[in-house]
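Take a look at the chain below.

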Amino acid sequence: MLYFYNFSSVDVIWTLLGAALVYFMQAGFAMCEAGLTRAKNTGNILMKNMMDFCIGTPAFWLVGFGLMFGGSGAFIGKLDPLIRGSYQFGSLPTWCFVIFQTVFCATSATIVSGSMAERTNFKAYCLYSAMISLIVYPISGHWIWGGGWLSQLGFHDFAGSTAVHMVGGVTACIGAKILGPRIGKYDRDGKPKAIPGHNLTVAALGVFIIWFCWFGFNGASTTAMSTDADLTKASLVYMNTNLAAAIATCTAMIFTWVRYGKPDVSMTLNGALAGLVAITAGCDQVSPVGTFFIGLFAGILLCVSVDFFDRIAKIDDPVGAISVHGACGAMGTLCVGLFATDGGLFYGGGIHYFLIQLLGVASVMLWVIITMTIIFKVIDKLVGLRVPADIEIEGLDYHEHGLASAYAGFNISDITATMDVNENTDLGESDYTKASDSQKNAAVKVAGEELVAANPTGMYKVSILVKLSRYDKLRKALNELGVTGMTVTQVMGCGIQKGSGEKYRGAEVDATLLPKVKVEVIGGNIPVEKVIETAKKCLYTGHIGDGKIFVYDVRHVVKVRTGEEDLAALKDVE
């Protein structure tokens with residue numbers, strides 16, 4: 001039997017090129033998320049963005065595509081493992097359409113990683129990423145793009161403000177809420193504290209990559225370039241995509257400039273993404289004038305939404321994914337009902353179109369909230385959604401991937417955000433009293449009277465190497481002891497045991513340099529034995545890397561401002 005197809009080479013090339021650009025958005029998301037979070041979690045961020053695509057691809061092939069595009073059911077497609085059914089996608093071969101939809105599915109999944117960054121169990125992440133691509137995204141996608149009930153009502157979402165971005169943004173919100181904020185994000189009064197990203201250069205590069213690739217995301221969603229109408233439509237989509245991003249970026253910059261006194265860099269970068277997300281639903285139906293207002297609204301909504309989730313809802317979103325993709329995705333979809341030149345409220349079309357858009361946003365949001373809440377709760381029971389506090393503080397790179405640093409050979413200063421652990425943190429209590437005598441005395445031997453005799457000035461310096469997760473406990477204990485003056489630096493190092501035998505590409509790492517904190521105390525009024533004993537009790541866990549304590553004699557101290565010397569120079573009393 002002979003089959004005759006009417007494929008268009010121009011349409012196929014255009015769609016495949018768009019698929020390649022949308023795939024490359026993964027690189028942009030990886031750079032953006034890594035740059036807006038801390039250096040100690042960079043490797044983990046990169047792994048998650050890679051695995052989103054690599055888990056989502058087979059998941060969508062095995063189950064998701066059939067549920068999304070198979071059959072003509074109003075609420076769900078059909079189960080078609082390995083995509084063996086017969087499909088008709090206009091002038092495109094089946095596999096051309098499949099790969100184009102696959103990269104969209106992966107984009108929805110990768111949005112979630114940013115809001116749940118820096119404290120999510122990697123196993124749990126892989127599981128819920130698979131579930132998004134298997135079930136959650138395909139079923140709501142069927143309603144919108146697969147011939148389901150929303151498309152039958154006339155709901156319009158050209159390239160996925162709701163189908164892709166709001167699904168990812170709402171999932172991100174639920175996940176971040178269940179996880180809870182990062183350690184150090186809120187003080188005991190609930191006031192949010194800034195945790196700056198470690199590399200705005202990389203974040204900006206990610207935004208530029210995403211913006212560039214969005215021309216494929218929106219433009220190639222025409223899936224056709226063979227007629228004059230196709231050419232006109234694609235040109236309008238390109239124009240609107242770029243204009244919305246530019247307007248939203250300017251708006252976010254001006255908004256933060258007026259509100260905070262200076263233009264905020266990270267918020268301005270997010271403004272570009274907010275505009276891109278918002279215009280995605282209606283970029284084929286609105287004019288550049290309508291696009292201007294959509295971009296304007298997106299820039300304002302972004303700034304207000306970030307502040308709302310940070311201060312009022314107290315949902316910690318390190319990269320602003322909830323606001324960019326969730327809030328702006330919903331807003332952009334609703335704006336189609338207002339600004340569409342054919343049927344929009346502001347163009348004489350009445351309220352009907354807007355109400356359909358509202359129904360679509362609400363129903364998809366409800367679907368995601370219900371399904372993802374169940375999925376997150378089940379995963380939390382099975383493998384645990386969040387890593388333990390000490391792992392979070394020391395960084396996911398080392399504990400989840402055996403990677404001491406994603407920047408081997410570079411000096412990354414991340415001390416402020418890494419060590420800013422608030423008093424409401426509870427890391428648990430290790431039972432120091434049950435340790436053996438040799439373990440208790442391993443750090444340093446206290447010489448008692450001999451030490452005093454050898455140090456006639458009575459002044460000393462105690463240098464303590466501390467795990468990041470134990471620094472806050474040590475600081476409080478020393479303050480309670482009466483030691484208020486200390487110098488703190490972040491260092492990398494290893495002991496004679498050379499870390500714990502981690503491997504890199506299957507080969508054992510000769511010496512694993514681990515992130516530590518060095519605390520230096522100069523004292524004289526407080527017995528050095530008390531300082532040492534306090535430090536030992538705070539640092540002890542019984543595992544490799546508990547740290548070491550070094551004691552030095554101090555011969556002379558001069559206070560520069562007053563000229564006081566020795567013990568008098570150590571006092572801050574005026």
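Two residues are in contact when heavy atoms of theirs lie within 4.5 Å. With that in hand, start with the whole chain. The model is a predicted one. Residues 24 or more positions apart account for 79% of the contacts with a separation of 6 or more. The chain has 574 residues, and 52% of them count as buried. Its secondary structure comes to 20 helices and six strands.

**The cores**

Which residues have the most contacts inside the largest nonpolar core? They are Phe-65, Tyr-128 and Met-372, in a core of 102 residues. Helix α3, residues 94-115, gives the most to this core, with 11 residues.

Now zoom in on Phe-65. Set aside its neighbours within four places in sequence. Phe-65 is then in contact with Phe-60, Gly-70, Ile-83, Tyr-87, Phe-89, Phe-97 and Val-98.

**A helix pair**

Next come α9 and α10. Their axes come within 8 Å and cross at roughly 130 degrees. The table lists the residues that make the contact.

| Helix | Residues in the contact |
|---|---|
| α9 (residues 265-279) | Met-267, Asn-270, Gly-271, Ala-274, Gly-275, Ala-278, Ile-279 |
| α10 (residues 288-312) | Thr-291, Ile-294, Ala-298, Leu-302, Cys-303, Val-306 |

How many of the residues in the contact of α9 with α10 are nonpolar, polar or charged? Nine are nonpolar, four are polar and none is charged.

**One residue up close**

Last, Asn-242. It sits in helix α8, which covers residues 228-260. Is Asn-242 buried, exposed or partly exposed? Buried means under 20% relative accessible area, and exposed means over 50%. Asn-242 has 35% relative accessibility, so it counts as partly exposed.

What does Asn-242 touch, leaving aside its neighbours within four places in sequence? Asn-242 is in contact with Trp-211 and Phe-215. Ala-272 is 30 residues away from Asn-242 along the chain. The C-alpha atoms of Asn-242 and Ala-272 are separated by 9.3 Å.

Definitions and conventions:
Residues numbered from 1 in each chain as written. Predicted model: local features only at pLDDT ≥ 70, side-chain atom pairs only at ≥ 80, totals over all residues. Heavy atoms only, no water. Axes fitted to C-alpha atoms, helices over the stretch in contact; angles between N-to-C directions. Helix = DSSP H or I, 4+ residues; strand = E, 2+ residues; numbered from the N terminus. Nonpolar A, V, L, I, M, F, W, Y, C, P; charged D, E, K, R; others polar. Core = buried A, V, L, I, M, F, W, Y, C linked by side-chain atoms within 4.5 Å. Buried < 20%, exposed > 50% of the residue type's maximum accessible area, 1.4 Å probe, protein only.
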